[in-house]
Amino acid sequence: MKPLLPLEDALSRVLSRAGLPPDAQSCALLAASGRVLAADVASTLDVPGADNSAMDGYALRAADAGSPLPVVQRIAAGAVGAALQPGSAARIFTGAPLPAGADAVVMQENCREKEGVLFIDSAIKVGDNVRPRGQDISAGATVLSRGRRLRPQDLGLLASVGQSEVLVYRPLRVAILSTGDELVEPGQPLQGPAQVYNSNRYTLTGLLHGLGMEVLDLGIVPDDPEATARALEQGAAQADCVISSGGVSVGEEDHVKSQVEALGELTLWKLAIKPGKPLAFGAIAETPFIGLPGNPTSVFVTFCLIARPFLLKRQGVQEAAVARLTARAAFEVKRPGSRQDYLRVSLCEEQGELVAQRYSNQSSGVLSSVSHSDALAVVPAQQSVANGDRVQVIPLDSFY
Ligand code: AMP
Ligand code: MG
């Protein structure tokens, strides 16, 4: 029997085949959330463009703060004040540029204005409540780098340097097919106890859309060699990657392996992870192919651990690592397993510590275990876990 393949080995083999990212295209900044930058973005500006007030208050020279000061002008956000003479103060509002000569702002809560004269109640230092020019970004600096998956705050940052369009990679188009004679689409009646609804299609579509990718849905493919070959060929011709679920075990009804082999190349792995042992990787003509297991929970886990990093790298993303946190196990694993286990757990905080609670049924057919969990707890092979032990957890949010 072939030894089980550790996840890291499978991952490095898969990632080495990710190839070059797709073409770059221009995208309106407002539509760029989740897209991947195809070029570094440098700023032509200092942000902020001038020293400005961080508070509603009064601009002055810090050295003048000991004595009452006449308030000689008013500067609102969007206005530019006149140079400030020594021994005077300017009423100023948050975001307004400091007038020339001023070097500090006193908050309005820490002073009183009476009949045009300012009395200051607290000590003032040079720079107090001033946001210096360029404190966020200086002209010429790289704001965000190629390979960045744009988050909402990144769009804001790009807007702050005046970008209205960005160069991004064309979103990958991923073909998905759900294999199995037993599958029925939701909305259709089940014809008997042998049938199940196709859930993998929905899980995979949601995961792919979450990565900003397009889905070419090839629907349900019966357990039949010709139908399988036709779907694989169509996916390979029209998509950047083909992903199937089911049909990669070694049963007689599993046709994915033989058909991918006939059309291209394929390696079938037995991964040393649980859930998700069988996994196929290969290519149909030039198009990469990933064959996920059929069990709905295995689909989720193998997609997140293998397909996701592969697709993100192919999409041009530089950094696809997910956050790993440490939590206290509120469960035990008595018998150490031969595979690394990705337990579905919910997280809560107890006495300032993150605590992981295991979902009651960890069967790979129980999709509720994923829906009702917050994270995957990673239990290494050959290890038992006692109540209270520290375990690594990966929040499910980090996979979207
Ligand atoms: P397979 O790998 O094709 O032997 O499938 C393993 C298990 O996953 C079987 O119980 C299948 O019925 C189930 N399964 C496969 N594909 C799907 C799907 N798309 N939706 C829900 N269950 C599935
Ligand atoms: Mg099947």
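Modeller: Pro-48 sits in the loop between strand 2 (41–42) and strand 3 (52–53); helices (H or I, at least four residues) and strands (E, at least two) are DSSP runs numbered from the N terminus. This is a predicted model, where local features need pLDDT of at least 70, side-chain atom pairs count only at pLDDT 80 or more, and totals for chains, interfaces and linings use all residues. Residues are numbered from 1 along each chain as its sequence is written, chains are lettered from A and ligands numbered from 1 in the order written, and side-chain values use heavy atoms, leaving out hydrogens and water.

Back to that proline: the peptide bond from Val-47 to Pro-48 is cis, with omega about -5°. Another cis bond joins Lys-274 to Pro-275, omega about 0°, and Pro-275 lies in the loop between strand 19 (273–274) and strand 20 (278–284). Glu-115 is not a glycine, yet its phi is positive, about 50°; you'll find Glu-115 in the loop between strand 8 (111–114) and strand 9 (117–120). Most residues other than glycine have a negative phi, and most peptide bonds are trans.

Now the helices. Helix 1 (residues 7–15) packs on helix 6 at about 25°, axes 10 Å apart; axes are lines fitted to C-alpha atoms, for helices over the stretch in contact, and angles run from 0 to 180 degrees between N-to-C directions. The pair is therefore roughly parallel (under 35 degrees; over 145 is roughly antiparallel, 65 to 115 roughly perpendicular, the rest oblique). Helix 1 passes helix 6 in a right-handed crossing (near helix turned clockwise from the far one by less than a right angle; anticlockwise is left-handed). Leu-7, Ala-10, Leu-11, Val-14 and Leu-15 of helix 1 touch Leu-305, Ile-306, Pro-309, Phe-310 and Lys-313 of helix 6, contact meaning heavy atoms within 4.5 Å. By class that contact has nine nonpolar residues, no polar ones and one charged (Ala, Val, Leu, Ile, Met, Phe, Trp, Tyr, Cys and Pro are nonpolar, Asp, Glu, Lys and Arg charged, the others, Gly among them, polar).

Helix 6 (residues 296–314) also meets helix 3 (residues 200–210), with axes coming within 11 Å and crossing at roughly 30°. Helix 3 and helix 6 are therefore roughly parallel, and their crossing is right-handed. Helix 3 brings Asn-200, Thr-203, Leu-204, Leu-207 and Leu-208, while helix 6 brings Pro-296, Val-299, Phe-300, Phe-303, Cys-304 and Leu-311. That splits into nine nonpolar, two polar and no charged residues.

Helix 4 (residues 225–238) and helix 5 (residues 256–263) pack at about 55°, axes 9 Å apart, so these two are oblique to each other. Pro-225, Thr-228, Ala-229, Leu-232 and Glu-233 of helix 4 make the contact with Val-256, Gln-259, Val-260 and Leu-263 of helix 5.

Asn-200 leads on to ligand 1, which 15 residues surround, Glu-182, Asn-198, Ser-199, Asn-200 and Gly-247 being the closest (a heavy atom within 4 Å counts as near). The side chain of Asn-200 puts an N or O atom 3.2 Å from a nitrogen of ligand 1, and an N or O atom in the Glu-182 side chain is 2.5 Å from a ligand 1 oxygen.

Methods
Polar contact = N/O pair within 3.5 Å; in protein donor to acceptor, adjacent residues only side chain to side chain.
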